[in-house]
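Please open the model in a viewer and keep the selection panel at hand. The tour below moves from one selection to the next.

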Amino acid sequence: QVQLVESGGGLVQAGGSLRLSCAASGRTFSNYVMGWFRQAPGKEREFVSAISWSGGSRNYADSVKGRFTISRDNAKNTVYLQMNSLKPEDTAVYYCAARTIETSTYQYWGQGTQVTVSS
């Protein structure tokens, strides 16, 4: 089992920045691909970004490319999402997730953290 706890959400004006953190506990953090997803009110959950176990491979949704940066610190069992140039449409609950490299399905999820961007 892997337990994930997100933090860092909040209210920010458009154009501002936030950094989300996701602290992992349980099994060896470096064995897992880590991802960020988000769900806005009335919408389905969508992929935001993911990072490989080593941090050498990262990918992003087109909607956040160039504005968001994912990173991880395996020594601290933590993954981060730096969000810059925030837009009102980035408003959502952001979830951290983990999966092993053998599967494309994320097996573990955090409880989510709210990000609200005002115009």
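Select R67 and D90: R67 is buried, and D90 is buried as well, where buried means under 20% relative accessible area, exposed over 50% and partly exposed in between (1.4 Å probe, protein chains only). The model is predicted, with local features requiring pLDDT of at least 70 and side-chain atom pairs pLDDT 80 or more, while totals for chains, interfaces and linings use all residues. Residues are numbered from 1 along each chain as its sequence is written, and side-chain values use heavy atoms, without hydrogens and water.

Display the side chains of this pair. R67 and D90 form a salt bridge, with their closest N and O atoms 2.7 Å apart; the term denotes a side-chain nitrogen of Lys or Arg within 4 Å of a carboxyl oxygen of Asp or Glu.

D90 lies in the loop between β8 and β9 (92-100) and R38 in strand β4 (residues 32-39), so the pair ties together parts 52 residues apart in sequence. Strands are DSSP runs of E, at least two residues long, numbered from the N terminus.

R38 is buried at 6% relative accessibility, whereas E46 is partly exposed at 35%.

Finally, select strands β1 (residues 2-7) and β3 (residues 18-26), which run antiparallel and are joined by 6 bridges; two strands pair if DSSP finds at least two bridges between them. Within this pairing, Q3 has S25 as its bridge partner.

How values were computed. Helix = DSSP H or I, 4+ residues; strand = E, 2+ residues; numbered from the N terminus.
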